[in-house]
Amino acid sequence: MSKITKRSWAEPYKIKMVEPLRKTTRQYREDAIRKAGYNTFLLYSEDVYIDLLTDSGTSAMSDYQWAGMMMGDEAYSGSKNFYHLEENVQKYYGYKYLIPTHQGRGAEHLISRILIKQGDYVPGNMYFTTTRLHQELSGGQFVDIIIDEAHDPTSLLPFKGDIDLNKLENLIAKVGADKIPYVSVAATVNMAGGQPISMKNMRDVRALCSKHGIKVIMDATRAVENAYFIQCREDGYANKTTAEILREMCSYTDGCTMSGKKDLLVNIGGFLAINDEDIYEEARSLVVVYEGMHTYGGLAGRDMEAMARGIEEAVQDDHIQARVGQVEYLGAQLQEYGVPIVLPVGGHAIYLDAKRFYPHISQDNFPAQTLAAELYIDSGIRSMERGIVSAGRDVKTGKNYYPKLELVRLTIPRRVYTQAHMDVTAESVAEVYEARTRAKGLEMTFEPKYLRFFQARFSPIA
Ligand code: F0G
């Protein structure tokens, strides 16, 4: 009889180049976070030990991608790397036309300007900061039509990113389909905790929208992670590859915006992909104004090549399994320590539930912002607020949004950290949780006009 009771999995890569990490003292970190206005975005990255601020642009590229960087065709127009990227977007995502952009928000800007008219409504499965802002700047109003459970960090539904079809139908009945240029479908839903949308829901949304002549535009930033969840959780998909599932998801939409800085394993890049020729024509003329020629869209040829190759690597089943597996590994440890987190664990990050972590701190004193600062002071781990600061203000009334979710995100870059870094992270969060009653909260001392979470400053309340 074998004594081996389990067979562990390991990262499906080995490390060829390393970047040293720097440890600091608690005293040093207390000074650093004070100088940064208690905003982790404003820290010097050199002062950070394990950087879980974001998974955006922070992934490690492969030798295959770096080799592609050397093949950059830096022609002003008609770069061969553009055509490789176009070929892979068509092959893996299935859309007809491609417009590269410098990153995701460049694509959001283009599609919002093209499709949204003053007074329109843009329903979506929870807002994302830049996506909503571009919709608003184009004269639209975002309407949240995600299922209620998405706002409940304790609900264990497998597809908390689903759209509530009743909410969508009610909106159509109320404002009329001609006031709804498109439904904005995020896969996965970042602000809900990286929660996936089901294939069934995407199919149903498509059917309802087709009936009313409404387009469906997907935010495909983390659609590969979403496809992986479908493979794990949805009936009928266990034997399909992530790549096949991704293609099917895209087939229920008219186009997508993409931040290549996530799923696609690059440090910079994005695109707009679309099936409609007229929209493509308009995007092609607008991109020249805001990003660059339609065959580079603000990117160097080498960046397009890295993204083209990243598309191929992102859908490898062993890659995506390890990527999401690492997030789940951290989540399982935090649960063992009894730390309140959003469940089920999402694809790219663990979200600490700051409302349950610090029940004694009112939302006006920024529990999540406080928690991110405390975690940095404890261990030099950098996380990100995803609560009232991120939610910002209603552009019309100027009033603060009070989101139900008040979260701190521990975002895991792809292929960068090891399981040991996850252990260190879990222990530090557990330590801060033990000291939770001592935290008091913050007040905002500086508030920028747009996307305030990036640059706002705070000080501890007396
Ligand atoms: N959509 C989603 C779901 C995102 O998470 C992001 C970026 C964007 C669009 C915008 O893309 O940054 O390339 O312009 N999210 C980053 C994050 C900033 O940390 O979650 P971008």
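**Domains, pocket and salt bridges of a predicted model**

Arg382 is buried, its relative accessible area being 6% (buried means under 20% relative accessible area, exposed over 50% and partly exposed in between, with a 1.4 Å probe and protein chains only). This is a predicted model, in which local features need pLDDT of at least 70 and side-chain atom pairs count only at pLDDT 80 or more, while totals for chains, interfaces and linings use all residues. Residues are numbered from 1 along each chain as its sequence is written, and side-chain values use heavy atoms, with hydrogens and water left out.

**Domains**

- The chain is assigned domain 1 (26-55 + 319-460) and domain 2 (63-314); the bounds come from an automatic or database domain assignment.
- The C-alpha centres of domain 1 and domain 2 are 26 Å apart.
- Domain 1 gives 35 residues to the contact and domain 2 gives 39 residues, where contact means heavy atoms within 4.5 Å.

**Largest pocket**

- The largest pocket holds about 1,400 Å³ of space.
- Lining it are 34 residues, of which Met17, Glu19, Ala60, Arg415 and Val416 are the closest to its centre.
- A pocket is an open set of points on a 1 Å grid over the protein atoms alone, with protein on both sides within 12 Å along at least five of seven lines, whereas a cavity is a set where a 1.4 Å probe fits but cannot get out; lining residues have an atom within 4 Å of a point.
- Grid points are joined across faces, edges and corners, and the volume is the space filled by probe spheres set on the points.
- The largest pocket lies between domain 1 and domain 2, because both give residues to its lining.
- Elements giving two or more residues to the lining of the largest pocket are α2 (63-69) and α12; helices (H or I, at least four residues) and strands (E, at least two) are DSSP runs numbered from the N terminus.
- By class, this lining has 15 nonpolar, nine polar and ten charged residues. Ala, Val, Leu, Ile, Met, Phe, Trp, Tyr, Cys and Pro count as nonpolar, Asp, Glu, Lys and Arg as charged, and the others, Gly among them, as polar.

**Salt bridges**

- The structure has 23 salt bridges, each a side-chain nitrogen of Lys or Arg within 4 Å of a carboxyl oxygen of Asp or Glu.
- Arg382 pairs with Asp51 in a salt bridge, with 2.8 Å between the closest N and O atoms. Arg382 is in strand β10 (residues 381-382) and Asp51 in strand β1 (residues 50-51), so the pair ties together parts 331 residues apart in sequence.
- In the salt bridge of Asp55 with Arg323, the closest N and O atoms are 3.7 Å apart. Asp55 lies in the loop between β1 and α2 and Arg323 in helix α12, so this pair joins parts that are 268 residues apart in sequence.
- Both partners are buried: Asp55 has a relative accessible area of 0%, and Arg323 has 4% relative accessibility.
- A network of salt bridges links Asp55, Arg222, Glu225, Arg323 and Arg414.
- Lys117 and Asp120 also form a salt bridge (3.8 Å, N to O), and Asp120 is buried at 2% relative accessibility.

**Helices α8 and α12**

- In helix α8 (residues 223-233), nine of the eleven residues are buried, among them Glu225, Tyr228 and Phe229.
- The cover over the buried residues of α8 includes α7 (199-212), β6 (215-219), α9 (242-251), α11 (301-314) and α12 (317-336).
- Gln326 belongs to helix α12 and is buried at 4% relative accessibility.
- Beyond its neighbours within four places in sequence, Gln326 contacts Trp9, Glu11, Ile412, Pro413, Tyr417, Thr418, Gln419 and Met422.
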